[in-house]
Amino acid sequence: MLTDDQIAELRSHFPILGKKTYLYNCSQGALSDVVEEGMHAFMASWRTSSAPWDDWMGVYEGLRANFARFINAEPDEIAIVSSASAGINPIANALAFDQRDGVVMGEYEFPTMGHVWLAQQPRGARVQFIDGVGYGIPTERYAQAIDERTRIVPLTQVSFVTGHRSDVPAITTLAHDKGALVFLDGYQDCGTRPIDVKALNVDFFVTGTLKYLLGPPGLAFLYVKRDLIETLTPTISSWFSQREIFAFDTQHLDPAPSARRFENGAPPIPSIFLAGPALDLLSRIGLANVASQIERLTQAFLAGVAALGIASKTPATSVGPLVVLRSKDPTAALAKLTARGVVASTRRDGVRFAFHVYNTLRDVDAALNALEDTLDLMVRT
């Protein structure tokens, strides 16, 4: 666990933390000075290099290797894309929906995941949404829904709308026992605790940099299990997804034997320059330390919420990072919190508070004090 002095030093690298109670991490991580330095490095390379694309390709491949280490994958299992949507789509359109046409997912997935798979219905996909129970999806409901016709199970690691955490190992085992694939969406969790895609045994994993990875928008990562890569040929392609990028062979399609075959064009170089320092920062802190701090803050906040009698969509046992509280008027509630210097967010009827390693118990107290003045707008227990 990090000491108070270590956290104070860490906070000094995030300018907004000196002015706001920043609990907006589920939408956008706070900007650090190391990420700003990444932007300066990009501009300097563009200004001074005689062959900037040669330099940029080194940074691009370096980030691929860096993120692979971050999730315990191999670099050739990682595609660098511009968004989670850009990572999910090439997998969806590469799959066949013949004898296995089922797509089984919970109702609390992020809209992108639902939309991408619903868009496969003209190709034969049969999409089934599992109803939630108490803002979560019990694992038993997956057991009832997954069968021999299920092609894939898209699965959120932490729901963006409730803060519930899925039992990824159990659901993955259920799917694999029936011969189905698992596509894990880690966007609301990656960067908050150690992750090992090999131990989880998922087939696909997608996340992006703008939330808990503390990076910019416009950049995401797709992991594809090595033995699946060359079995899938997406109909979305580009010159960067070919075996030889700089062969400039217009008349032959020759997809890369690595996960790069799922990339969708020239990479977002500015965002790549910003994301690398952010990943390095989290690695230096240590993801076990990050997880410990987030759990400590989440538990303190949930205890305070219970004492105030506010209804929570997120279970009292949550280790974070996201806590979603029910509100009768979330827009008005958010306005009151904002006026008190608390940066939070809303989705549907919930007000969302998202903790990261740089938050402190003072932030918890500030949020609880602001909520005490907002009780008339919250759903009470």
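The second largest pocket is lined by Asp4, Ile7, Ala8, Arg11, Thr21, Gln293, Arg296, Thr360, Leu361, Arg362, Asp363 and Ala366. Helix H1 (4-11), helix H11 (287-308) and helix H13 (361-372) each give two or more residues to that lining. Here helices (H or I, at least four residues) and strands (E, at least two) are DSSP runs, numbered from the N terminus.

A quick word on the ground rules: this is a predicted model, where local features need pLDDT of at least 70, side-chain atom pairs count only at pLDDT 80 or more, and totals for chains, interfaces and linings use all residues. Residues are numbered from 1 along each chain as its sequence is written, and side-chain values use heavy atoms, with hydrogens and water left out.

What do "pocket" and "cavity" mean here? On a 1 Å grid over the protein atoms alone, a cavity is a set of points where a 1.4 Å probe fits but cannot get out, while a pocket is an open set with protein on both sides within 12 Å along at least five of seven lines; lining residues have an atom within 4 Å of a point. Points are joined across faces, edges and corners, and the volume is the space filled by probe spheres set on them.

| Space | Volume | Lining by class |
|---|---|---|
| Largest pocket | about 290 Å³ | ten nonpolar, eight polar, five charged residues |
| Second largest pocket | about 240 Å³ | four nonpolar, three polar, five charged residues |
| Largest cavity | about 30 Å³ | three nonpolar, three polar, two charged residues |

For these classes, Ala, Val, Leu, Ile, Met, Phe, Trp, Tyr, Cys and Pro count as nonpolar, Asp, Glu, Lys and Arg as charged, and the others, Gly among them, as polar.

Now for the largest pocket, with its volume of about 290 Å³. It has 23 lining residues, and Ala84, Phe110, Thr112, Tyr187 and Lys211 are the closest to its centre. Helix H4 (84-94) and helix H5 (111-118) are the elements giving two or more residues, and H4 gives the most, with three.

As for cavities, searching the whole structure turns up one of 30 Å³ or more. Its lining is Gly102, Val103, Val104, Arg126, Gln128, Ala145, Asp147 and Thr150. Strand E3 (102-106) and strand E4 (126-130) each supply two or more of them.

Finally, look at two helices: H3 (residues 52-71) and H10 (residues 269-285) pack at about 35°, with axes 10 Å apart. Axes are lines fitted to C-alpha atoms, for helices over the stretch in contact, and angles run from 0 to 180 degrees between N-to-C directions.
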